[in-house]
Structures are given as C-alpha cells and as structure tokens.
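Visitor: I'm new to this one and a bit lost. Could you pick one part, zoom in on it, and then carry on from there?

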Amino acid sequence: MAYYQQPHDVTALPAWQALHQHRQEMANFSMREAFAADATRFQRFSLDSCGLLLDYSKNLVTENSLELLIQLAEQAGLPQAIQALSQGKPVNASENRAALHTALRSPIGRRLELDGVDIIPEVHRVLYQMTELVSRVHSGLWRGYSEKPITEVVNIGIGGSFLGPQLVSEALRPFTQRGVRCHYLANIDGSEFRELTARLNPETTLFIVSSKSFGTLETLKNTLAARDWYLAMGGPEDKLHRHFIAVTSNRQAAVEFGILEENIFPLWDWVGGRYSLWSAIGLPIALSIGVSNFKELLAGAYAMDQHFTQTPLSGNMPVLMALLGIWYSNFWGAQSHAILPYDHYLRNFTKHLQQLDMESNGKSVRQDGTPLEITTGSVIWGGVGCNGQHAYHQLLHQGRLLVPADFIVPVNSYNPLSDHHQWLFANCLSQAQALMQGKTREEAEAELRARGLPEEEVQRLAPHKVIPGNRPSNILVMNRIAPFNLGALVALYEHKVFVQSAIWGINAFDQWGVELGKEMGKEVYQRLTGQVQEPAADASTQGLIEHFRQHHRG
C-alpha cells in the first residue's frame, strides 16, 4: 500500500498565514458584543444532525474566521484524507495499515474492499457470533460449572479494551438487560482485583479476556489471577471454558489458556484499540444492553460516518469542532480542553476521550517522519457537572489560562426527581453563558453598591468580582442519552480527532510512546525482582529500585 497523503507543512499554507493575521485582527473581539449586535448568531452558528444539536456560537469566531479555517482544511487536503480513511487507504503510515473502525458499523450490503477482500461480511459474521453468545447468556442457556446461569460478566482489558466499553455500558445503564451485571478489571493493582472478586461468585461469573495480542501485561496478569481465583474457589479445570472467553488476534494463546475455539472472537489489524468498542471488544456492552441496543449504537455511529463523509466542510459537525480546536491550540495558545458532561451516566466520557484524543494526536513528527514545530493535541480533562462548578470551574472563569470547553447535556433525564433536571440543564447553560459574558468592573461595582456597601468597600471588592468572559465553549445537546445518539456522539469525537491529525499531517493511529513505556517497564521489573543485577541507566530509577527492594514485603 502506498503512502496515503502528500506530506505537508501546515504552517506554510496560505490559509495558515492568513489565520495568523486574522488572529491579530480578533484581539479585541467580544462575544458579548457579537451576540448583542446579531440576533441570528445562534441560528448561524449551530448544527443539528444524528440526534445531536451543536451550538458553537459561543466561540471566538466570525464568518471570516470560519471561512479561513475551512480554507486551511481544504489546502491541507482534508477532503482527500476523509476519502482515504473511508476507503481503507493506509492512513496509519508508520505501521502501513488502514484504520477501518467505520467498517464495524457499516450495514450489511455495503461493500468495502481491503487488499481485494470485502471485509463487511466478516464484520457481520462476528456480529452474528456476538448475537449468539449474548442470546445464550441472557436466556440462561450458557451455564457455569455448577449449571447455574451466568449473572456476572467481567471484562479484563486495558486502554481501548476497557475505556470505551465501560463508557458505553455505564452511559446506557437505563437500557441494561435484567439478570446480567458487567464489571471491568483493568489496572494491575491487586487492590482492584481483590475488591472486585470479593463481590463475585465463580459459579455464575464469565470472564472476557480482551487483548489483541493476548499478551498485554496488565490484561495477562489479571487473566492469570482470575484463573487462579476460579480454581482456588472450587472451579474445576475441565469446566474452565464455561467461564472464560476471549477477544483476540492470538487464537493459539487463547486456546492454550483453555478457551474453546468457538468462544474466541477475532480482532483485525485495521482496528486500533481506542477505536474498537464497535467490534467484539464491545461484547460487554452487548451483554449489558442487549444486541438490539448494541446495533442501535452502531447505527448512530454509522449515521455520523455518513454525515462526516457526505456533508460539505462548512456544515460538517466533526470538521467544525476540529477546526475550532486547531484555532485555539495553534493561534490562541490554549493547551488543554475541558469536557463537561452534565449527566451522571456520562461520567466516564472524559476518560474515554482522554485516550482517544491524547493517544491519537500527542505526536511530534509528521506522517513522513519530519519534525513538527507546532503544538498538536490538547490535554483533555474535565468531569461531570454540576460537581465541577464547585471545584475547577473557577479556573475556567477567572484564571489566566484559556481553556475551551465542550458542555454535553440531555434535555430529558431517565430519573426525573422534582425539578432537579431543570436545575441541571440551567446550570449547564448558565456556565457556558457566564464563560462567554463574564462580569465587567462597572457591573461588579453596581452590584456591590446595590447591596448598600460603602464606596471604599466597593472599590476594595470590585476587582475580585470581575470575570473576564470571552471564554469559548461548545454545547452538545441530545434529547436523552440513548444508543443511537451516544453512538453518534462517540463517532463525532473520533472524526474530530482524525480531522485534526490530517490537517497537522500526523498519524492518529499509532502510539509508539505507549510502546516505549511497556518496554522499559519490563526492564525495571527484572531489576526489581533481581533477575538483572546491572544497575538502571539513571541514578533516580536505580535509587528507587533499591528502595523498593529494601522495603517490599511481597
């Protein structure tokens, strides 16, 4: 396969230079004044698609800003990059692979060839295999070694084999099928393992080993610990296959562990871990919410895929969100981006996006290996509202850092309680409004005088009550969190990340920094356990190794 995109230095493009000039012209732009002068700003700067309403009117942009950003995307070859992604070209250049997670949500009948082979039938064969398994578990036909039905499912995986499935199964908790509870085991910390297994009965527990290689350190160690726990609790070894299944590319390792061939679900090289929840990695999702709801999740993601590939850039939701991110990161000096979901069920959304965005776009060279001189990627952080309002929102409002934010909120709650949801929704809107509008010195003084304070006290307190405003945010609204629009929401951010990578000219689908950490971890482990006596390469690591060996009581 040939390199999919011409290497380019985005900073040399005419639109980049024009945006630098435009940024100077925007130095005194006021969102408050822009809203006061234009009653149609919301209508002009909002989009509704795939069950999602995006309001991007509270951004430091004019029509001219957006035109220049669209020009940048065109000059950087974004339309061609989108086509290359959807057609299975090797967009992962360093590993010479396609990135076809979109194929996982394609309907039957669509044809997509990779190396001359139509991969859609194989995708649907695995989906059928998933359907059969879920049906057997939900109907009670799949039974543990003591003939009791399965009631607990534990997904053992880390990274993309954990964050995406956990996000979705918890976000769709109202759709949970009765009789089956899903749990997640990711960290190698023994405390997590003990806390989880203390609540489980081996007779009714099914473990899913989710690892492409069947050798990821944390997953493998937890899998071996789960087997030891199962045997120690009385589980017979010849019935092990009733309690372990696998999602992996390494079928041989799974069989050697004791998993039956028919209970091994495949993974393909063209699916990256952080894009894999749509595959058999999503088995815990399907077991939690049922296959019909899982298919609705896929349908929502497919709808966003269609919007992304078929909609002009100027009205394209992922493209606009990506361009706004580039605008703030490269032209306004923003280094982080806050994700603020106003719904308890979306409390893990930020964690998934941290991996999706930071592992994808935390790069320092272009696709062709040449070094970058600009910032790519942002620090993704945040958490559920209203909790953050009483914690870190203070920095968003009055700190010196510029932190763009995405607010995500449903109109309706599954658990209405008095007027709680009205207050939740009001808080979401008012936080975005306050970030945009702020409070002037004159307003602060008038407010204090209205309280009857003496002028000396007014002047003393007023500076502390001034809020700069002009802080940008997007608001994403959905009717309620449901499989379809959640699928669209996750796919929206997947495509946003890809758009930014294509414009910057980087590879969003490798993660060599992660691989280095794994390699060095093995070396440190060998020194901790005395397998290697040669000292570590630096005094700090060696000193900490010696401290561990002196004090560890394992």
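Guide: Let's start with an open sheet of six strands, in the order S1-S2-S13-S12-S10-S11 and with mixed pairing. (Strands are DSSP runs of E of at least two residues, helices are runs of H or I of at least four, and both are numbered from the N terminus; two strands pair if DSSP finds at least two bridges between them.) At the edges stand strand S1 (46-49) and strand S11 (379-382); each has a single partner strand, so one side of each is left without a neighbour in the sheet. Ignoring direction, neighbouring strands here are turned by 20 degrees against each other on average.

A word on what you're looking at: this is a predicted model, where local features need pLDDT of at least 70 and side-chain atom pairs count only at pLDDT 80 or more, while totals for chains, interfaces and linings use all residues. Residues are numbered from 1 along each chain as its sequence is written, and side-chain values use heavy atoms, with hydrogens and water left out.

Back in that sheet, strand S12 (residues 405-410) and strand S13 (residues 473-478) run parallel and are joined by six bridges. Look for Phe 407, which sits opposite Ile 475 in S13. Helix H16 (residues 420-437) packs on this sheet, touching S12 and S13. (Contact means heavy atoms within 4.5 Å.) The direction of H16 makes about 160 degrees with that of S12; axes are lines fitted to C-alpha atoms, for helices over the stretch in contact, and angles run from 0 to 180 degrees between N-to-C directions.

Now hop over to another sheet.

At Ser 210, the residue opposite is Val 247 in S8. S8 has both faces covered too, with Phe 244 and Ala 246 buried on one side and Ile 245 and Val 247 buried on the other.

Last, some helices. Helix H1 (residues 14-25) packs with helix H4 (residues 63-75) at an angle of about 155 degrees, their axes 8 Å apart. That makes the two roughly antiparallel; under 35 degrees counts as roughly parallel, over 145 as roughly antiparallel, 65 to 115 as roughly perpendicular, and the rest as oblique. On the H1 side, the contact residues include Trp 16, Leu 19 and His 22, and on the H4 side they include Leu 68, Leu 72 and Gln 75. By class, this contact has eight nonpolar, five polar and no charged residues. (Ala, Val, Leu, Ile, Met, Phe, Trp, Tyr, Cys and Pro count as nonpolar, Asp, Glu, Lys and Arg as charged, and the others, Gly among them, as polar.)

H4 also packs with helix H13 (residues 317-331), at an angle of about 100 degrees and with axes 10 Å apart. H4 and H13 are therefore roughly perpendicular to each other. Leu 66, Leu 69, Ile 70, Leu 72 and Ala 73 in H4 meet Leu 320, Leu 323, Ile 326 and Trp 327 in H13. This contact has nine nonpolar residues, no polar and no charged ones.

Terms used. Buried means under 20% relative accessible area, exposed over 50%, partly exposed in between (1.4 Å probe, protein chains only).
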